[in-house]
Amino acid sequence: MVTTYLVLLSAIVFLPAVAAVLVLCVPKENVEASRRLTFGATVVVLALTILTFLTPLGGPFDYQTEAAAGMQYVFSVPWIPSFHIAYFMGADGISMPLVMLTAVICVLAAGASWSVTTHVKAYCVLFLLLETGMLGVFLALDFFLFYVFWEVVLLPMYFLIGVWGGPRREYAAIKFFLYTLAGSVLMLIAILMLYFASDLTDPALRPFLGKCYLPEAVQAQAEAGMTARAAGQTVAPLHTFNLLALAQIGQQTQQLGENLQWWAFLLLFIGFVIKLPSVPVHTWLPDAHVEAPTPISMILAAILLKMGGYGILRICYPICPHGGYDLALFVCVLGVVSMVYGAFAALAQKDFKRLVAYSSVSHMGYVVLGLGVWSATAGTAFNTDYWNMGVQGAMFQMIGHGISSAGMFFLVGVVYDRVHHRELDAFGGLFGRMPVYTALSIGIFFASLGLPGLCGFIGEILVVLSVWNYSYALAVISATVMILTAAYILWMIQRVYLGGEYKGPHGDALTPTTLRENAIGGVLFALTILFGVFPNTFLLRYVDKTVTRQVNDLAQWTRLVKEPAQQASVDGQAALEARVNVDLAKAQTP
Amino acid sequence: MEPSALPWLLGLATLLPLASFFFLLLFGPRLGKAWGDGAYVATGAIAAAGVLSAISLLIWLGHHFPGGEPEAHAAQAVSAPAPHTGAADAAVGSDGHAAASGPSYAGDYYLLGQFGKLRLSIGYYIDSLTICMFCLVTVIATCIHFYAMGYMHDEQREVTDREVTLRDGTYLTRRGRYVRFFQYLSLFSFSMLGLVLAGNIFMVFVFWELVGICSYFLIGFYIERPSACCAANKAFIVNRVGDVGMIVGLMALWGGLGTFAFGDLTHIDADGARRHEPGIFSLVRPVPGGPLRVPDGMVRLSAHREVAQVVDGLDRQADQAEIERAIAARVPQWRDGGQEGGPDGGPGGGPSPRGYALLVVAGIGIFCGCVGKSAQFPLHVWLPDAMEGPTPVSALVHSATMVAAGVYLVGRFFPVFTPEVLLVIALVGCLTLFMAATIAITATDIKRVLAYSTVSQLGYMMLALGVGGWVAGLLHLITHAFFKSLLFLCSGSVIHAVHTNDMRLMGGLRKKMPITAYTMLIGCLAIAGISVPFVIGLSGYYSKDRVLEQAYSFMMHADNRNFLASLLFYTAAGGAMITAFYMFRMWYLTFVGEPRDADRYAHAHESPRVMTVPLMILAVFAVAVAWSPPGGLGRWSGLSVVNLLEQSRPPHTLADVASPGLGMTWPNEHFAHEPSQHATIVVPVTWLATLTAWAGIALATVIYALGYIQADEVRRYFSRTHRFLLNKWWFDELYALAFIRPVQAVARLSAALDRRLLDGLIDGVARWTNRLAKVWDRVADSLIVDGSLVGFATSIYRFGVRLQRVQTGRLRDYVVYVAAGALAIFVAISFFRGFYWGG
């Protein structure tokens, strides 16, 4: 089975890269062939993900049994053994939906790439490399591998903005690159901190080793080390990049001290939050979006931003719970500030794409807020339900925003391709000129506005409702953002689509949308409705078990380590270990 | 049929218009005459929904016949032994009826999400109020669909919109949007029915927003007109302001109760166990029919410090069940323990319990949503502007159904409102009814008169609910829906004939369009509440009298001898006079006197049959909807809307509810109707209502029909008041100053902050890095690196030159060097050996 997963997941991740090599072999003049090959490759990747996750061929993805809470499709083979780096991948309820989202959006973005007409071959190669990187980020479970994929995403994106972008593309590309690189460097520091602090031979880890999917050799080494340590011998520490093992180390042992966790959390969080992006490190986003070509904007908004949210959920909280607990208020406030600030800034924009970009900042604030509400404390008797709801809301918001933001950038691109400007005040009357396009636009923009029945609503309302038990004030502020959102979206719709006549240049070019454009917009619109009407069927049931497990684990950790406040945390950690031993003893008795 | 069919019948009735919407969305433009250009689809769907609603009503009557039930006029309602409802068990859950209320069926259709024990779902809650609302909505909507076929027929062809002038000076010409209009109507019907069917407050919110967006589409139907677009935006955004309050209410409920369901539910968990989940109504009134009690969840939320102490005090190995038990044991103590600040009371007479504030927040929050949707002060500003939409929309959405949804929700949520919230509701309603009525006096746009009249009447309903008149408020909702939609359709008929909304350009039209004129007169009489006192009257007589009676008995209660209670009653009574005055002013200006615009008068004509028949149907309802059959027909005598509504009356609203905190008491609604109170309450109030109505009509007649008093003179005499009213109490200007401009300023500020500060910072860092690099290039590269390299080379060279002198070529010197070198190495080695291993 493990080899099957190895083949399946590797195929999903590296198929675009292989296709990129094939595109390299296509003659430069044959532009259409490159595009078709690229589109075909993305379709095959989508088909593969569907086969893997939704049909019996690959599993299918289990969301019902208890096993659903853990990793599925896991394989791990040594890659650079001297540093204990493994080629280690898997999917669970957090990553699977994001992988599916990536596959879908890439197909649509590849479909939208027909509007790119210069250096098509190079564009296609970079596009496919980008897809490999993104899929890899969501599937990698080895921190080093994760970092490699993370950086793989960076370079193609830099060139895609810098070469195929608008007039200020170089500025935007360099800004994007430097911002993200700064985040990566912080992440790298944290990775090394965690790596050198970790030790798999800690006996406290013994009950949890099975959940970490270590390669056999490492597993044996770790167990031998534990035995030796139990016998009083000194053993050289066995470091690890394994994300699952690091999570167990962070939660179950004292290896990562409070201080170290705090700093590692902060470094990782800043790294991810730049990508997300959150105020005040968001200013690369409007520029990158404005300059990037339409399909790249779609990918940037729909997927790249989600890598930040995914990182926070997968890495920051499980590995550094001390940091997460201590900084919960900081994280939540940051989320709320992003929501408010992004909405206000969007209200003042005059450029269509910048408005959509700021709406992304505002909407991603919900993700930060949802992930941050650490509301399972002694005061709530460690009731995890509301926190769970917040995290699932953040997950939904990521997927929902992925769909709606890709749609919004696509729609902006459609009209930009025709009239070559984005001045909001120089539009108007598109309703009469392009009726189908207008219908799709209003649908997708209303999804972003958070209209019930469309995907934007569920994520927002779940997050907002979950915040009440954490902080009344933050909850009320986050609810008021709804007014601002309605204001900027409706005002934009009025200026662009409604009104008597088109006020800008190139009015003759406003032809009705083509079949290809309608298909892309139509798929996105259909997805917004399906996710908005059946959130449980399409998303939440897949996410539920994994998030519930993670939140419950962290609540348990809170109860034993962080609270009650009058007892020192080390004491609590000892209690936790003692409890584990009791459990073990119980398990071994029969 | 069994009542178990109700969820499916009503669900189907809800989905039919949705199907029509999608059908028209996809195929609408291609449908030809045979489909009535799509209108037949939409009309057929809503008519079928009406038939299904009627069937549901019959099923309901078959199982729960109104009247006759012993508790109907008891002074103190004790929960009737709930009739057997039969287990309407479906795959989706099970139906039961809340022990705490009258016969009702609650269940889930499907799940939206589950988070531990928290469930969000799409469900239903069906009681007689639901059935009434279904019938009301479908009947009115069907009439209006038919009417719209006539009213909107211009849209079947190319349209020239004379209100939109293009840049080249011509009028806009566009394709007709007939299909689109019916498509929106269908979507609206779906949303409205869904709102009424909703089984939980979350689902109410979902459909609440959907009706809002339909309203947005319909107000902005003439998208080319800037005024229509702005009105649509205003409507949606103002409603969102209310919705934020509603979300805060939802949060308080969700955080405290962990459920949104109205009624009790039983559902099957993933592990196959049946779980009983009490709904909101049972949680706030745990004793069936008993008084309001702060639910456990809210107590715990409010006492979170104490909860933390309890949890801390427990053994760490304690599992979740143990913690829950320990907390549950303390909850009653916390609830009764009260808060610091004294023994101010809560319901039930005890000191204000923990979490009571949350209950108030929940109530006020939900009411905020109702304020937005029902256009109550201070969020009423959107409704008059909403008249930019086509008139059938004003009739359906902005008078009869959607705006009444706020009142419906207050009625539905009534069991959760604390006395404090009820007082707020009453005051808001009172203020609204007065303010809107005064503005209606000066309006010259026929639809705006009706719009302000709607706002005012909605204020009456809120006032009624706020003073405890549950049936009074909802009955007024129903009667108002009929006569106001009638009035709007009549005004539409007039507008259709003379192509203007301005009453100053009308006059004398009754000769040209008698059906419209006299049906509208019926509407005016109904809204004024004209009757033969104590014998028979138009529908408005019954409902408005009930409202006034309840306000009067509220005022007369021994605990309420204060300014507020008197204000509520006298405003309502005075408002009745203003209502009669402005309605008849409108009628006279439109239909009586000399035509003031001969050209328009000459072209005026009675509307086609498809428009006048709905008028007549609605006129019948406006006259008779509140009638009850005469006595002596056995159980059929009980068949009236009032008795039907009584079945859904939330329990305990038939008890006097005292609020020690406020020092006021909410009298039970039946108190006013008790035979013993006939002389002290019913008789004076009825005479008062009749007199005020006639006084208003008389005043309007004197001024506008007979011309004994010149309206212009009155206007000059009260010029300052007139200007104040004409400018709608300056609300729009106030809001622009207080909210819109500050928000725009903050928006510009944050955009500038981004550009200047954050980007400036980043760019500045980049620039300085660049400069530093250049300096570094000069200093470090040229001076230090290159300099040091060159210097190093030079010094090596010099050193080499100096070293030349050692090369003497004399053997003696070399031997000395070798010996000295060997000695030095020896010393060094022994030194380091000592350093490392010496110890």
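This is a predicted model: local features need pLDDT of at least 70, side-chain atom pairs count only at pLDDT 80 or more; totals for chains, interfaces and linings use all residues.
## Helix α1 of chain A

The residues concerned are A:Tyr5, A:Leu8, A:Leu9, A:Ile12, A:Val13, A:Pro16, A:Ala19, A:Ala20 and A:Val23. An α-helix has 3.6 residues a turn, so residues three or four places apart point the same way.

Helix α1 of chain A runs over residues 2-25, which is 24 residues. From its first C-alpha to its last it reaches 33 Å, close to the 34 Å expected at 1.5 Å a residue. The helix also has a kink of about 45° at A:Phe14, shortly before the proline A:Pro16. A:Pro16 is itself one of the buried residues of α1(A).

## A buried loop residue

A:Met71 sits in the loop between α2 (31-54) and β1 (72-80) of chain A.

Leaving out residues up to four places away in sequence, A:Met71 touches A:Gly90, A:Asp92, A:Tyr213 and A:Leu244.

## Where chains A and B meet

The contact between the chains takes 52 residues from chain A and 57 residues from chain B. On the side of chain A that touches chain B, at least two residues each come from α13 (328-347), α15 (385-419), α16 (430-433), α18 (455-467), α19 (472-496), α21 (535-562) and α22 (569-588). Helix α19(A) gives the largest share, 11 residues.

Sorted by class, this side of chain A has 32 nonpolar, 16 polar and 4 charged residues.

## The nonpolar core

The largest nonpolar core holds 495 residues. Those that touch the most other members are A:Ile105, A:Met298, B:Leu463, B:Ala551, B:Leu568, B:Ala572 and B:Ala622.

What does B:Ala622 touch, leaving aside its neighbours within four places in sequence? Its contacts are B:Phe482, B:Phe483, B:Leu486, B:Ile522, B:Gly523, B:Ala526, B:Leu538 and B:Ser539.

## Cis peptide bonds

In chain A, a cis peptide bond joins A:Leu276 and A:Pro277, with omega about -15°. A:Pro277 is in the loop between α9 (258-275) and α10 (284-291) of chain A.

In chain B, B:Phe377 and B:Pro378 are joined by a cis peptide bond, with omega about 0°. B:Pro378 lies in the loop between α11 (356-373) and α12 (382-385) of chain B.

## Histidines with positive phi

A:His420 is not a glycine, but it has a positive phi of about 55°. Its place is the loop between α15 and α16 of chain A. A:His420 counts as exposed because 11 C-beta neighbours lie inside 10 Å, and the cut-off for exposed is 12 or fewer.

B:His499 has a positive phi of about 55° and is not a glycine either. This residue is found in the loop between α17 (470-498) and α18 (514-528) of chain B. With 12 other C-beta atoms within 10 Å, B:His499 is exposed.

Notes:
Residues are numbered from 1 along each chain as its sequence is written. Chains are lettered from A and ligands numbered from 1 in the order in which they are written. Helices (H or I, at least four residues) and strands (E, at least two) are DSSP runs, numbered from the N terminus. Two residues are in contact if their C-beta atoms, placed from the backbone, lie within 7 Å. Ala, Val, Leu, Ile, Met, Phe, Trp, Tyr, Cys and Pro count as nonpolar, Asp, Glu, Lys and Arg as charged, and the others, Gly among them, as polar. A nonpolar core is a set of buried Ala, Val, Leu, Ile, Met, Phe, Trp, Tyr and Cys residues joined through C-beta atoms within 7 Å. A residue is buried if 20 or more other C-beta atoms lie within 10 Å of its own, exposed if 12 or fewer, and partly exposed in between; C-beta atoms are placed from the backbone. The expected span of a helix is 1.5 Å times one less than its number of residues. The bend at a residue is the angle between axes fitted to the seven residues ending there and the seven starting there.
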